[in-house]
Amino acid sequence: MGRVKVTYDKKVAIKTLLEAGLSQRAVARLTNVSQKCVFGVSNKLKQKLPLSNTPGQGPKKACTPTDDRRCSEL
């Protein structure tokens, strides 16, 4: 089973339900997402981070642009 991307609108809905005072379990049931997803949104709110995924997340490339040029010459 792969990872499912949660839309920004659903994250905003989770945020509003959490701010209304509902528990994470209740929010997960109402929005049809996992409790782990609700927990992640809750942590982002506590740390005052944006809900949207910013570019540049994920592993960085192991090789440099110079290495790329050398590989393409072969």
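How many residues does α1 have, and how far does α1 reach from its first C-alpha to its last?

## Helix α1

α1 has twelve residues and spans 16 Å between its first and last C-alpha, close to the 16 Å expected at 1.5 Å a residue (the expected span being 1.5 Å times one less than the number of residues). Lys 11, Ile 14 and Leu 18 of α1 are buried (under 20% relative accessible area, with a 1.4 Å probe and protein chains only). Viewed down the axis of α1, the buried residues fall within an arc of 55°, so they line one face of the helix; the arc is taken from the directions from helix axis to C-beta atoms. Turned away from that buried side, Asp 9 and Glu 19 are exposed (over 50%).

## Model and confidence

This is a predicted model, where local features need pLDDT of at least 70, side-chain atom pairs count only at pLDDT 80 or more, and totals for chains, interfaces and linings use all residues. Numbering starts from 1 along each chain as its sequence is written, and side-chain values use heavy atoms, leaving out hydrogens and water.

The chain averages a pLDDT of 85, and 92% of the residues score at least 70 (pLDDT is the predictor's confidence in each residue, from 0 to 100). Confidence is highest in helix α2 (residues 24-31), at a mean of 95, and lowest in helix α4 (residues 65-73), at 74.

## What lines the pocket

Now for the lining of the largest pocket: α3 supplies its largest share, five residues. Both α1 (8-19) and α3 (35-46) supply at least two residues each.

Key: Helices (H or I, at least four residues) and strands (E, at least two) are DSSP runs, numbered from the N terminus.
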